[in-house]
Amino acid sequence: NLQHTHNKKPTKAIARNTTMLKHMIAATTLIATTLAANTASAFCLFNCDYTKTKYPVVLAPGVLGFDKLVGFVDYWYGIPSAMQDGGAKVYTTSASAFNSSEVRGEQLLSQVQNILAISGAQKVNLIGHSHGGFSARYVANILPTKVASLTMVHSPVKGVPGTNIIMGIAPAGTVSGSVVSAVGDAVSNFITFLAGNDYKEDFMASMNSLTPQNAAIFNAKHTGGVPATTCGEGAYSANGIKNYSWSGTSSVTNVLDPLDTFFGIVGLVATSEANDGLVGKCSSHFGKVIRDDYPHNHGDAINHMFGVRGLFTPDPTDLYRQHANRLKSAGV
């Protein structure tokens, strides 16, 4: 018993120190991002204020939730630097690989509050990819006076019908449900580990949040920018927040991109409408729809994998630069 008692304290101390170290690393990363955001435009040679928005741009990731994986795989490949080159201050955030819209929203909320404190900015422009759009809208509902604009990029505002298939195959309380949940959580935890995060993971909570039924419940609580019709536009401005969205309708864009196989298959069952391999064209509508039929899939939207995309298709980094200029022109 004495042996057990003495071994227990060091174990708790090690766990506590490990947690502290992770928080220190996260804080250091945020500070480094802040410095980069403030200095990147110093190397611009021409058109140096094209993307110089009034308020900082904050990028919220979708499922997988990482900022940088294993130290060099960027979620937003080449996008922050593309906007920074024209004067924008850009901050990337992280989240659980998979979890509910509310849990991931709280994670983004904490990071936005830190960004506001560190940068001294009065507001932020939130851009959310995929499930990250739900996180951005959650934050806007909690801090409406601190959000200047919301932009949904390939975000399933009205849900993904294909998630109902997963929920049907693996209902809670069944053997199949337990197996799918365990495998999903294992993958989620592995991704979170590779990203250097310590977020709580819940694969089934993520799938449940993205069903059309639960997306509708979320939309009823976070109404700003949500279209009242099936494929219309939402309010361009609500509660003083400007709303935008864009998406694509090409699930397979380059056979050399390993993600295209996944999106090509999933796109056949995810939804019955034209889609990007995951998100339906009309489901992506939010606020002012910039365009809903880019020749991009769900991965191209964030310039993955390492910028591989279809020949002669728009460069995703240009879309973000153009949007930053759009925000600048709108005074935010």
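Eight aromatic pairs are present in the structure, which is a predicted model. One of these is formed by tryptophan 76 and tyrosine 320, whose rings are arranged edge-to-face, with 6.2 Å from centre to centre and 85 degrees between the planes. Tryptophan 76 belongs to the loop between strand 3 (73–74) and helix 2 (79–84), whereas tyrosine 320 is part of helix 10 (residues 316–329); the pair therefore ties together parts that are 244 residues apart in sequence. Tryptophan 76 and tyrosine 320 are both buried. These two residues also take part in a cluster, in which ring pairs link Phe66, Tyr75, Trp76, Trp246 and Tyr320.

A further pair consists of phenylalanine 134 and phenylalanine 218; the ring centres are 5.1 Å apart and the planes lie at 50 degrees, so the arrangement is tilted. Because phenylalanine 134 is located in helix 4 and phenylalanine 218 in helix 8, this pair ties together parts that are 84 residues apart in sequence. Phenylalanine 134 and phenylalanine 218 are buried.

A search of the whole structure for disulfides returned one. The bond is formed by cysteine 231 and cysteine 282, with their sulfur atoms 1.9 Å apart. It connects distant parts of the chain, 51 residues apart: cysteine 231 lies in the loop between helix 8 (212–221) and strand 7 (237–238), and cysteine 282 in the loop between helix 9 (258–270) and strand 9 (288–294). The link between cysteine 231 and cysteine 282 is left-handed, with -80 degrees about the S-S bond. Cysteine 231 has a relative accessible area of 35% and is partly exposed, whereas cysteine 282, with a value of 17%, is buried.

Aspartate 276 is likewise placed in the loop between helix 9 and strand 9. This residue is buried, with a relative accessible area of 0%. Beyond its neighbours within four places in sequence, aspartate 276 is in contact with several residues, including Ser247, Gly248, Thr249, Ser250 and Ser251. Its contacts also include His154 and Phe263, as well as His296, Asn297 and His298. The C-alpha atoms of aspartate 276 and alanine 301 are separated by 9.1 Å, the two residues being 25 residues apart along the chain.

Backbone geometry was then considered. Histidine 304 and methionine 305 are joined by a cis peptide bond, for which omega is about -10 degrees. Methionine 305 is situated in the loop between strand 9 and helix 10, and asparagine 303 is also placed in the loop between strand 9 and helix 10. Asparagine 303 has a positive phi near 70 degrees, although it is a residue other than glycine. At 7% relative accessibility, asparagine 303 counts as buried. A positive phi, near 85 degrees, is likewise found at leucine 64, another residue other than glycine. Leucine 64 is located in the loop between strand 1 (57–60) and strand 2 (68–69), and with a relative accessible area of 32% leucine 64 is partly exposed.

At the level of the whole chain, 10 helices and nine strands are present. Of the 332 residues in the chain, 50% are buried. Among contacts in the chain with a separation of 6 or more, 76% are accounted for by residues 24 or more positions apart. The chain exposes about 15,200 Å², of which carbon and sulfur atoms supply 62%.

Methods
Residues are numbered from 1 along each chain as its sequence is written. This is a predicted model: local features need pLDDT of at least 70, side-chain atom pairs count only at pLDDT 80 or more; totals for chains, interfaces and linings use all residues. Side-chain values use heavy atoms; hydrogens and water are left out. A disulfide is a pair of cysteine sulfur atoms within 2.5 Å. Helices (H or I, at least four residues) and strands (E, at least two) are DSSP runs, numbered from the N terminus. Buried means under 20% relative accessible area, exposed over 50%, partly exposed in between (1.4 Å probe, protein chains only). Rings of Phe, Tyr and Trp (its six-membered ring) pair if their centres lie within 6.5 Å; planes under 30 degrees apart count as stacked, over 60 as edge-to-face and the rest as tilted. Contact means heavy atoms within 4.5 Å. Accessible areas come from the Shrake-Rupley method with a 1.4 Å probe; for residues, only the protein chains shown count as cover.
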